[in-house]
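Hi,

Here is the structure I said I'd pass on to you. Have a look at it first, and then read my notes below.

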Number of protein chains: 2
Amino acid sequence: MEPLKFTVGIDIGGTNTKLGLVDSEGHLLRRVNFSTNPLLSFADYQILLTNALEEVTHDIPKEDLLGVGMGVPGANAKTGSIPEAANIPFLTEIPLQTVLVKLWNLPVFVAKDANAAALGEMLFGSAKGMDHFILLTLGTGLGSGVVINGKIVSGSNGLATEYGHSVLVKNGRSCNCGQRGCFETYVSATGLKRTAISLLANANQHSILRDLSPNQLDAQKIAEASENGDEIAKMAIKKTAQWLGLKMVDLVVLTDPEAIILAGGLSKIGDYFLQTVRESLDKKLLPMFKGKVKVVYSGLGSDDAAILGAASLIMNVKN
Amino acid sequence: MEPLKFTVGIDIGGTNTKLGLVDSEGHLLRRVNFSTNPLLSFADYQILLTNALEEVTHDIPKEDLLGVGMGVPGANAKTGSIPEAANIPFLTEIPLQTVLVKLWNLPVFVAKDANAAALGEMLFGSAKGMDHFILLTLGTGLGSGVVINGKIVSGSNGLATEYGHSVLVKNGRSCNCGQRGCFETYVSATGLKRTAISLLANANQHSILRDLSPNQLDAQKIAEASENGDEIAKMAIKKTAQWLGLKMVDLVVLTDPEAIILAGGLSKIGDYFLQTVRESLDKKLLPMFKGKVKVVYSGLGSDDAAILGAASLIMNVKN
């Protein structure tokens, strides 16, 4: 048996930066978190990141550390930089990979967070052994990673995949990207909340959600209300699942995947959500595809998935 | 310089079967056509096909013939068979590749016609040198081929790509596949005709199309009327182009292609169509993708494209 080697996975989000030490069998051995203050300068952030890296690797001999993989929203894996970091302004246009390779003298790979997560699913999660699958992360927004022939699809400019900005409703809800009707404005934790608010305006059933302000309302509270039989909450979840199923039709006929894996906060609403997604997909699918695609939840705990996924960027190269 | 080798490309359609002898530089040297009578038995069709193959290769030494590539609607490249040949009933469930390899004692590859055409574009047409592009063939239906990392995407079951059956309008027009609202019921030669008929019912402008029965109307007549300033014809073409542009948004954010190539009868309507497609795409695209994707017509004559594409199935393996 070969001696264990180690990688560090880093998940940079708008709220927190999470680092984890991962061994070559995919065990997450230890973790360090710090908050990502959006008002920082990159120079200051770089110091915090380096300190955290030292903390998580202090007892690992340099020759056993294979490198550092980083998942960052909006990252371009081809250039190793982040063209537009909407929620982490100090990263915008920073050539992150180049800077950190120089600073740390280690291999560093940077990728879109959802692409890193898809790689994590392939190595350690629900997509083990699959060559063709799609990961959708349903959180504040909707992230997406596509694997074809065993490889992440990163596209001709390194910009794939941004399926959250596919069109669900022409001239529909306003999106943070400046467009209207984007998929993620309907299918995400935020999308579910917007749908519930819209139903509170348009339907007239009694609902415990009527006691909450839009700022108090969130996906968790809607899920709880639904479990307690609240009609508006149930309708909001059902509509969200139906939209997701409908949009998955296009993914299936385009790429014929073995599975579509759902991750992120919204995927925790439970079996009713998943079942409605499946029904909605099957109902609209070209007959030859019916029953061929699995729809499953992520096999990785959501806290671990992002770190394991980021670490996979290095392992995918080294293994 | 190596001596020339040869392949045969066969394009099997519901109306005609076309064979061509192609040299290793992509020159189509000679051609044989015969009509595909849907009432034939496969045993009879096999004889016609073998005769045509002999006619097109009669003076080529066996050792210089690399093999036969076939593009067939609905073909599964993984199994070499056609699970459901809607317009060519005698091919349904025939293990075409296995049967013909045995009969001809030659390498035979079978693929979906649009996938073969995409390969042809990559080797000899508008996609030369591209690793990431999408081909859409706008004919009676809408065919699609996706190339990622220089390879045709055929999916986990060999069923990719059927983007003609993605959803454009929930509960929209009835499709031959049994579903409703499929992309190809709006964007194809047939889709354009349906849109014109719908406009003749809903709009009240004078139109020379009002003198034609639905069975007389076709994409060619609509294109001619539009060139002569017919308002209804122009609106029908504009709507079709806008729908196409809108649906291309999803393809771009999902796969970040270098180009989307349009082929088939509908792509011959001219520059107004192409320009409207581009505008509609750019208008709805996530800012980071704007201006990055080329939208171009096929670089191959449409008669040659299908044959060259089919021949490419062999060349792609041998080169």
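The two copies meet through the same surface, because 100% of the interface residues of chain A are also interface residues in chain B. (Two residues count as being in contact if their C-beta atoms, placed from the backbone, lie within 7 Å.) Keep in mind that this is a predicted model: local features need pLDDT of at least 70, side-chain atom pairs count only at pLDDT 80 or more, and totals for chains, interfaces and linings use all residues. Residues are numbered from 1 along each chain as its sequence is written, while chains are lettered from A and ligands numbered from 1 in the order in which they are written.

The contact takes 39 residues from chain A and 39 residues from chain B. On the side of chain A that touches chain B, strand S7 (142-148) and helix H6 (231-255) of chain A are the elements giving two or more residues. (Helices, H or I with at least four residues, and strands, E with at least two, are DSSP runs, numbered from the N terminus.)

How do the chains relate? A rotation of 180° with 0.0 Å of shift along its axis puts chain A on chain B, with an RMSD of 0.1 Å. The two copies are thus related as by a two-fold rotation axis. (The superposition is by least squares on the C-alpha atoms of residues with pLDDT of at least 70 in both.) Of the residues of chain A, A:Ile148 comes closest to that axis, at 4.1 Å (C-alpha).

Cheers
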